[in-house]
Amino acid sequence: MILGIWDGHDAGACLIEGGSIVFAVNEERFTRRKLEIGFPANSIEHCLEFSGNDAGGIEAVSVSTSDISKTMGRMFPFTVERHYLFRRRLRGLPFPGLHKKFKLWVTAFGPNGLTEFLSKKLIRAGLKKFGLHQKPLYITDHHRAHACCASFCSPFDAATVITMDGLGDGASGTVSKFENGKLEEISRISSRDSLGVFFEQVTFLLGMRELEDEGKVMALADYSLPVPPEKNPLMNLFEVDGLKIKARLSSLKMFGYLKEILWKTPFEQFARMAQDTLQEKGALLASNAVKATGIPNICMAGGIFANVKLNMLIRKLPDIKGWFVFPQMGDGGLALGAAASVNYNLHGISRIPMPGVFTGLQYNDDEIEAALKKSGLKFNREPDISLAAARLIADGKIVLWFRGKSEYGPRALGHRSILAPPYSLEIKDLLNLKLKRRSWFQPFCPSILEEDAPSIFEDYDGSQSPFMTMAYMMKPEYRDKLPAVISIDGSCRPQVVGPDDDTAFRTLLENVKKFTGTGCILNTSFNRHGEPLVETPEDAVKTMTGCNFPYMAIGDFMLYGEGAG
């Protein structure tokens, strides 16, 4: 088995054996701090527990990224913690402007021999606790890790592979060719020319948290009238030249330029101009890449591809035949990419099928029942939990849903979910007030039976879309029927659940369809505002009681809280 680890933003660990993902999880699930940073000790411990507490079964360890900024963070963890608290608006800094400028400057530098040596030494020190410090240790390039996730886990034997994010190891993106089991990088975009840093700066200037709230910018953009490209002052910040992106300004100068534009621009229009810029430049790069490789299937990873509107535009390009977005597309997926890269180098394995994202921990009936008894609330075992939950949802109720292994990645896909009717704006508002506290302009997402998708979406092409990584346009006749799960422009980010999915969640959707006529529900992540997805039964009970929700389907049990009928 190969152990992959990532000790930066959204830290985590992953085990790969042969062509299979054995276990993958992110550190936030255990520390309960969203997008946790630093050495993923809890994640590694659970990886070893899952493999039988046998460090001897670990063949090698791989970690991603050894650039100057990451190495400095490993040497001085307090600086990483300080920036984490500052970035999440949990604590201020005495000179925030200087801090911002220093970060933009230092993160642009790539790795060298010294940073690789120091990073290995520091990582080995963390591995010593687990008896892994003498294992072969490899460092995987940041964007190589993203590219391995995108290509190896895709359904394609041949694909054009694009990675784009803020930056890492001196780069902000790559274009690669995946064919005949080989992944070959053909272009690298420098950190100076980062569309990701641009969008992070826009997010920060709009008063949101960069590396976390970029989706809010995308949603806010829908509330602006269109801005013609020739009147968009952000369009000329970047030029796409073949397989390269070139920024007109350095990151520091761009930040000042964006501040000046925002000063005289309404927030929603500023968001729209930034979103349009990202879409036009990103889609042009994707089009050029497919033409250069001659392979019409495209695979994508890196934080930029959390932007489902960009993904939708790429999907609709005339040169694109098939698409895949790695579901843990941001830095949280680097542990898996690092492990996959070393697994390929050692064993030549380039196919790691990913039929689902349920790679985390699972809890048995005894563990669940013990947590329920401690709650002091009424509960009972249901003969058919999917039917019981579907009946409540069809009756207009919100149901917390906890079942099976936890999801890998940022999306709740039917194992740690909050479920509700998609036709009620009142319930959407109730969810926001009691639990999610999302910005008013952010839409919720639906889970939909695959057989219903063609009748609901005007641009559904039959592609598998099980991970909420793609946007589709809802047909006009359904926009009034399902208002709680669409944006103002009629777009939405669905989880499309196929007929081969034999889980209780699929059965729940089928039951909802029997009651309502449509196999569609509102599905949002099971967490309180600012927290990660719940991990344990205790987390689930605490969230339910803290927010006074009346119903939770957990395992085969239905738990009844205050207000349950």
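Guide: Welcome! Contact here means heavy atoms within 4.5 Å. The model is predicted, so local features need pLDDT of at least 70 and side-chain atom pairs count only at pLDDT 80 or more, while totals for chains, interfaces and linings use all residues. Residues are numbered from 1 along each chain as its sequence is written, and side-chain values use heavy atoms, with hydrogens and water left out.

Visitor: Which residues does Val-106 touch, not counting residues up to four places away in sequence?

Guide: Val-106 touches Ile-68, Ser-69 and Met-72. Val-106 belongs to helix 5, residues 96-106; helices (H or I, at least four residues) and strands (E, at least two) are DSSP runs, numbered from the N terminus.

Visitor: Why is Val-106 called buried?

Guide: Buried means under 20% relative accessible area, exposed over 50%, and partly exposed in between (1.4 Å probe, protein chains only). Val-106 has 7%, so it counts as buried.

Visitor: And what makes Phe-39 partly exposed?

Guide: Its relative accessibility is 28%, so Phe-39 falls in the partly exposed class. Phe-39 sits in the loop between helix 1 (28-31) and helix 2 (41-50). Beyond four places in sequence, its contacts include Ile-5, Asp-7, Ile-123 and Phe-130. The C-alpha atoms of Phe-39 and Arg-74 are separated by 8.5 Å, although 35 residues apart along the chain.

Visitor: What is the phi of Arg-89?

Guide: Arg-89 has a positive phi near 60 degrees, in a residue other than glycine. Most residues other than glycine have a negative phi. Arg-89 lies in the loop between helix 4 (77-87) and helix 5, and at 41% relative accessible area it is partly exposed.

Visitor: Is Met-468 buried or exposed?

Guide: With 2% relative accessibility, Met-468 counts as buried. Met-468 also has a positive phi, about 55 degrees, without being a glycine. Its place is the loop between helix 17 (453-456) and strand 17 (472-473).

Visitor: What is Pro-446 in contact with?

Guide: Leaving aside neighbours within four places in sequence, Met-468 is one of its contacts, and others include Val-485, Cys-492 and Leu-522. Pro-446 lies in strand 16, and its relative accessible area is 0%, so Pro-446 is buried.

Visitor: How do you know that the span of helix 19 agrees with its 13 residues?

Guide: The expected span of a helix is 1.5 Å times one less than its number of residues. For helix 19 (residues 504-516) that gives 18 Å, and the end C-alpha atoms are 18 Å apart, so the two agree. Among its buried residues are Phe-505, Leu-508 and Val-512. The buried residues of helix 19 pack against elements including helix 15 (385-394) and strand 16 (446-449). Gly-517 follows helix 19 with a positive phi, near 95 degrees.

Visitor: What makes the radius of gyration of the chain agree with a compact globule?

Guide: The radius is taken over C-alpha atoms, and the globule rule is 2.2 Å times the number of residues to the power 0.38. For 565 residues the rule gives a value near 24 Å, and the chain has 23 Å, so it agrees. Within the chain there are 20 helices and 22 strands, and 60% of the 565 residues count as buried. Of the contacts with a separation of 6 or more, 71% join residues 24 or more positions apart.
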